[in-house]
Amino acid sequence: MRIGVTGLSGRMGRLVAEEVAASGANRPEAATPEALAQASDVIIDFTHAAAVLRHAAACMQANCAWVLGTTGLDAAGQAAVAQAATRICVVQAANFSPGVNLVMALAERLARALPAAEYDAEILEMHHRQKVDAPSGTALALGQAVAAGRGVALAAVAQSGRDGHTGPRPEGAIGFAALRGGQVVGEHSLLFASATEHIALQHRAFDRRVFARGALRAALWTNNRPAGLYSMMDVLGIER
Ligand code: NAD
């Protein structure tokens, strides 16, 4: 398979290129994303939200599959991903680590079982000081999993960046808090807090290679896969 990699100068792009080389797959190089997509069967993309519209168009034009790890997309960026997925195979994941995807599946099951009126859901994440978006894409995906388990829309119940006189916690809210500092690769915890017990799920990534390997696995999985928007859960065969 010909696996193109964008953002080669970035923390993730560099590691992905190493993993592609170690897998023995061919990695074409090109000066533009359009030329890279033409030369590739699939592109692994960890860049910046500002690049999403161009990369979506390039992959669609070239009929090239797209493994997208970039986070912090706005509504227009997400719409471009959905549009691309009508024509090509797209695997989009806020986190390509197998462990986090298992945590998300568990989060949804717990949220389904624990009444929102009794169990307050709070998500805490910490990342390195260079990270540009908050809450992290993974924290938001965990929030989506909790919201799905509760049968509500995350946007209607999300509460982030509490500061000042916030008033009491609204029933059913899903809270987010973000810490930034040092070189933390990625830490997430989800807490369900009731008056009588706490249940916590925690994930810590020590090495970005876990995301690079997951993305490579997703890229290999796209081979001969029909157009559609897939997740890492699909790649791993995790049932929700
Ligand atoms: P980085 O800043 O180290 O690298 C970003 C790369 O994107 C660089 O090569 C840069 O040149 C390129 N870039 C920046 N703006 C661009 C633009 N407008 N057009 C094209 N290329 C552009 O960042 P990173 O730590 O490698 O993370 C990259 C992205 O991947 C972020 O959105 C991050 O949140 C996300 N990420 C996702 C996962 C996951 O598992 N899904 C894991 C880690 C990081």
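1. Which polar backbone atom is 3.2 Å from a nitrogen atom of the ligand? It belongs to Gly69. A polar contact here is a pair of N or O atoms within 3.5 Å. The protein covers 70% of the 860 Å² of accessible area that the ligand has on its own, with areas from the Shrake-Rupley method and a 1.4 Å probe.

2. A word on the basis, before you go on: this is a predicted model, where local features need pLDDT of at least 70, side-chain atom pairs count only at pLDDT 80 or more, and totals for chains, interfaces and linings use all residues. Residues are numbered from 1 along each chain as its sequence is written, and side-chain values use heavy atoms, leaving out hydrogens and water.

3. Two further backbone contacts are worth a look. Ala94 places a backbone N or O atom 3.0 Å from a nitrogen atom of the ligand, while a polar backbone atom of Phe96 lies 2.9 Å from a ligand oxygen atom.

4. The shell around the ligand holds 19 residues, each with a heavy atom within 4 Å of it. Ser9, Arg11, Met12, Thr71 and Phe96 are the closest. By class, the shell has 8 nonpolar, 9 polar and 2 charged residues, with Gly counted as polar.

5. Now the fold: the chain has 9 helices and 10 strands, taken as DSSP runs (H or I, at least four residues; E, at least two). Its radius of gyration, 18 Å, is close to the 18 Å that the globule rule gives for 240 residues, so the chain is as compact as a globular protein of that length. That radius is taken over C-alpha atoms, and the rule is 2.2 Å times the number of residues to the power 0.38.

Note on methods. A polar contact is a pair of N or O atoms within 3.5 Å; within protein, one must be able to donate a hydrogen and the other to accept it, and residues adjacent in sequence count only if both atoms are side-chain atoms.
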